[in-house]
Amino acid sequence: MTEVRVRVPTALRDLVAGSQSVVVDSNSSGDKVTVGDVLDALAVVHPALERRVRDEMGRPRVHVNLFVGADNVRDLDGLATAIGPGAELSIIPAVSGG
Amino acid sequence: MTTASPESDYRRRSVDTLVLVGTTKGLFALRSDDGREQFELVGPSFAGEEVYATCIDTRGSGARLFTGSVSNHWGPVLRRSDDLGASWTEDERAALTFPAGSDTSLARIWQLTPGPADQPEVVYAGVEPAALFRSHDGGATFELVRGLWDHPHRPKWQPGGGGLCLHTVLVHPDDPERLLIAISAAGVYLSDDGGESWTASNTGILVPFEPGSPELEFGQCVHKVARDAGDPESLYLQHHGGIYRSDNGGRAWTAMTGIAGMDFGFPVVAHPTRPGTAYLLPLESDEYRCTPDGHCTVWRTVDGGTSWEPLTKGLPQRDAHVTVLRDAFTTDGLDPAGLYFGTRTGEVYGSIDDGDSWQLLADHLPPVVSVRAAPVG
């Protein structure tokens, strides 16, 4: 069990009672805890928040970025990116729209 | 999860008529407390979200509102309100999602339709990619209607310009097992067994956008269908390239030629109580898609589509190049009918005399994509 802090963007804080972040206990689905594992744990305690990050097929939404520390997971291993104890996962809307 | 509307005005006074205005930047509402003489604009709720589907369900003891919206960042959301929009509830577990194994994710909710009058807990939803969902618990949860999802035509359906959307759901008023749905650009499908099985029903509709204008079993770009108030077997249909009617519940279609040269448009609205009466808002060509010659004109038939008369009183007749989308024109169900439409340039017009005269109810809004109205007092 790994405790991970998830940073919540301003636009989604109504879904977590105004909190800037939430802490979830993540179980590893393999030999390491991954971003996907953290989102699975998030789906249990804050499902409305999690489905704004991933669609029902489990894919990250196109205009949502996930950062482990300062690294965008798209540049790493995506949802399979490992996340260690003490690391933070940040949900950040992409600079897009109209 | 319940969130309060940002507008304290929602709680300020009583309301007898409500018009929901879905835009590409959130939900607005026009509220009247004096029998539709004046409307007050409130909103936006869900600022930044595209609200393509709105619904006012008046079958229960009080009006229940639904919205289907989508954020470009955060995806689609279905919400309900039992206090006329003062607060909205989003189901924690998502009321409407494609089931595991469907290998599909919800892109947009296009249509939210109350079920039969005597089944107030039944609500239908039409979505993109094209699929029909049904709720048996007042919209708290929805299930995919498998009969349509498993139809052998589905892999061959092609999207229209707005996406592969199921945008029309009509429940037969005398037989709730009889359903009509329409998809752009697949066409009309009928079910006689409550959605277990479906038959494409586009006989008589030409396909002007294919060589030779063939009649196809499916592949039609049907934009909207409305049911006549007097005869439930009579239907009006706005197609990508023509206007049609049916006298047999949608089993066959006949072109209506009463508006010369006005083939293109998105909405069609039937008068809520008067038989043979319906409204169109034709646009100029599928290349331009604006009101023709700068004239914003609603057309009305009172003889079942044989002849049409232009309605212009109160509507801009100079330099009015506006677009009205398929769900942005509606009626409030009253008699005389209140009629309301919104434009992609952010105006909302209303009539409370069956369309004889119109007035501007709101302007400078974001592009309007859905309008629904009902008495709620």
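This is a predicted model: local features need pLDDT of at least 70, side-chain atom pairs count only at pLDDT 80 or more; totals for chains, interfaces and linings use all residues.
Residues are numbered from 1 along each chain as its sequence is written, and chains are lettered from A in the order in which they are written. Totals for linings use all residues of the model, whereas local features need pLDDT of at least 70 and side-chain atom pairs pLDDT 80 or more.

Volumes are the space filled by probe spheres set on the points, which are joined across faces, edges and corners. The largest cavity, of about 70 Å³, has a lining that includes His172(B), Arg178(B), Asp192(B), Arg227(B) and Arg251(B). Strands β14 (179-184) and β15 (187-191) of chain B are the elements that give two or more residues to this lining (strands being DSSP runs of E, at least two residues, numbered from the N terminus).

The second largest cavity holds about 30 Å³. Among its lining residues are Arg79(B), Asp91(B) and Gly139(B), and strand β7 (residues 75-81) of chain B gives the most, with three residues.

The largest pocket (an open set with protein on both sides within 12 Å along at least five of seven lines) has a volume of about 1,300 Å³. Its lining comprises 46 residues, with Thr113(B), Pro114(B), Val169(B), Leu170(B) and Thr331(B) nearest the centre. Strands that each supply at least two lining residues include β5 (50-57), β9 (108-114) and β13 (165-171) of chain B.

Definitions and conventions:
Side-chain values use heavy atoms; hydrogens and water are left out. On a 1 Å grid over the protein atoms alone, a cavity is a set of points where a 1.4 Å probe fits but cannot get out, and a pocket is an open set with protein on both sides within 12 Å along at least five of seven lines; lining residues have an atom within 4 Å of a point. Helices (H or I, at least four residues) and strands (E, at least two) are DSSP runs, numbered from the N terminus.
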